[in-house]
Structures are given as C-alpha cells and as structure tokens.
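Subject: Structure handover

Hello,

I am passing on the structure we discussed.

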Amino acid sequence: MSIKQLAMRLVYGHKASSEQYISWLRSQGVHVGQHVHLYTPWSIRIDTQRPWMIEIGDNVHITADCSILQLTGEVLGSCGTVRIGNNVFVGQKSLILKGAEIGDNTIIGAGSVVTGRLDGNAVYAGTPAKKISSLEAYI
C-alpha cells in the first residue's frame, strides 16, 4: 500500500476508493452489480438506513457529489426504493430521490433531480429530470 493510499484510507475510511466503498455498501446490504464505478467516492452520499431498498445494476458510473436518498425524514417515516438499471451514467451533483427507478442504458445529466420512473435508452436532465432525447439520437 502506497503512502497516498494509506493517507486516503486514514482520511476517508471506507470511502477511500470506489472498490472499498462498493464493498462496504454490499456489506451493509445494498445490491451493487458488477463493474460499478464511483468517482470521488468520498463525495458521494448513499443513504444506507434501509440498504435492502437500494439496487444498483451492472456497469453503472456515479460521478462526484451525487446523492441517493430513500428517506424524506424519520418524523414522516416516508421512504421508498431506489433502482438504478444497467449501463447507467449519473452526472455530477445529481440527486436521486426515493421511488426513483432508472431504466437500462440511461444518461442522467449533471445537476439533475431524479424522481419517479425514467424509461431506459434515453438521456435525462433537469430539475426534475425530464427526457431530452433518446440514447440513439444522442449518440
């Protein structure tokens, strides 16, 4: 282990690397698929109060400063599942809220707020996230 890796581990703990954070999330009960990458994991917030309610598919990329929240407050007791499909890219500073379901092969633009169901094979952006094009047209 290099000095840099050791320092990162001391400062960020289980969020020191994508691999460590994913391993920790799995140990908490979050379903995380294969080939998932969390960019700057120390800046990503994933609510693990009810880990069995979060599912992240295969080949998912979540960028810096994103949050996945399944609660709106303990006082209200309001919570919901979050499902991120396969081959999904989540842009920087996006917020994925309870009840969100992101279909396969989807791009979420930076700064988006995701609520409800988003169909796959599309590009979404905005607050709240709206479909801006099909994936085919975007490519």
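Of the 139 residues of the chain, 40% count as buried, where buried means under 20% relative accessible area, exposed over 50% and partly exposed in between, with a 1.4 Å probe and protein chains only. Keep in mind that this is a predicted model, in which local features need pLDDT of at least 70 and side-chain atom pairs count only at pLDDT 80 or more, while totals for chains, interfaces and linings use all residues. Residues are numbered from 1 along each chain as its sequence is written, and side-chain values use heavy atoms, with hydrogens and water left out.

Overall form. The chain holds three helices and 17 strands; these are DSSP runs numbered from the N terminus, helices being H or I with at least four residues and strands E with at least two. The chain is as compact as a globular protein of its length, because its radius of gyration is 15 Å, close to the 14 Å that the globule rule gives for 139 residues. That radius is taken over C-alpha atoms, and the rule is 2.2 Å times the number of residues to the power 0.38. The C-alpha trace spans about 45 × 40 × 25 Å along its principal axes.

Contacts. A contact means heavy atoms within 4.5 Å. Among contacts between residues at least 6 apart in sequence, 30% join residues at least 24 apart.

Surface and charge. The chain has 12 positive and 10 negative charges, with mean positions 6 Å apart. Lys and Arg count as positive and Asp and Glu as negative, leaving out His and the chain ends; each charge is placed at NZ of Lys, CZ of Arg, CG of Asp or CD of Glu.

Cysteines. The whole structure contains zero disulfides, a disulfide being a pair of cysteine sulfur atoms within 2.5 Å. Cys-66 is buried at 3% relative accessibility, whereas Cys-79 is partly exposed at 31%.

Two serines. Ser-67 lies in strand 6 (residues 67–68) and is buried, with 9% relative accessibility. Beyond residues up to four places away in sequence, Ser-67 touches Arg-45, Ser-94, Leu-95 and Ile-96. Ser-18 belongs to helix 2 (residues 18–28) and is buried at 6%. Leaving aside neighbours within four places in sequence, Ser-18 contacts Val-36, His-37, Leu-38 and Pro-41.

Regards
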